[in-house]
Amino acid sequence: MSHDPTASQGDDLHDDDLHVKAKQDRTGTTIILEGEFDMTGTDRFWAFFSEALAASPRSITLHAAGLTFIDSSGLMALHRARAAADEAGVPFRITEPSPALRRIAEFGGAEDLLPDT
């Protein structure tokens, strides 16, 4: 399945799954994450992220306000995404981290992933 980052994309899943949408405009790509981000969602997230990065965007922003749950595998996927973006020279940031993301980032010592608030 190909994900065209130049258009708004999404997937139709159960409420407890990870929903991923990608939007691209002249400022970069935004990937919107909603639902539960655990091991079952990492491949889906990585497919969207990899395709977005391959398009050489000006930046990649992960909008995370809709995450209701994230575990260590989801957190590792975010670390991996930031490392890949850094290696490609593409600015990477997470906006509006949900309370669930804030909790696991603080617990896991990964506050550097989150915006300063």
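In α2, the buried residues are Gly 74, Leu 75, Ala 77, Leu 78, Ala 81, Arg 82 and Ala 85. Keep in mind that this is a predicted model. Looking down the axis of α2, those buried residues fall within an arc of 155°, so they line one face of the helix. An α-helix has 3.6 residues a turn, so residues three or four places apart point the same way. On the face of α2 turned away from the buried side sit the exposed residues Ser 72, Met 76, Asp 86 and Glu 87.

Now the helix as a whole. α2 covers residues 72–88, which is 17 residues, and spans 24 Å from first C-alpha to last, close to the 24 Å expected. After α2 comes Gly 89, with a positive phi near 75°.

What do the buried residues of α2 pack against? Their partners are β2 (28–37), α1 (39–54), β3 (60–70), β4 (92–95) and α3 (99–107).

That brings us to the sheet. It is open, with four strands in the order β1-β2-β3-β4 and mixed pairing. β1 (18–25) and β4 are the edge strands, each pairing on one side only. Neighbouring strands are turned by 20° against each other on average, ignoring direction. β1 and β2 run antiparallel and are joined by eight bridges; Ala 22 stands opposite Ile 31 in β2.

Back to the helices. α2 packs on the sheet, touching β2, β3 and β4, and its direction makes about 145° with that of β4. α3 lies across β3 and β4, and runs at about 90° to β3.

That's what I have.

Technical notes: Residues numbered from 1 in each chain as written. Predicted model: local features only at pLDDT ≥ 70, side-chain atom pairs only at ≥ 80, totals over all residues. Heavy atoms only, no water. Helix = DSSP H or I, 4+ residues; strand = E, 2+ residues; numbered from the N terminus. Expected span 1.5 Å × (residues − 1). Buried < 20%, exposed > 50% of the residue type's maximum accessible area, 1.4 Å probe, protein only. Arc of directions from axis to C-beta. Contact = heavy atoms within 4.5 Å. Pairing = 2+ DSSP bridges. Axes fitted to C-alpha atoms, helices over the stretch in contact; angles between N-to-C directions.
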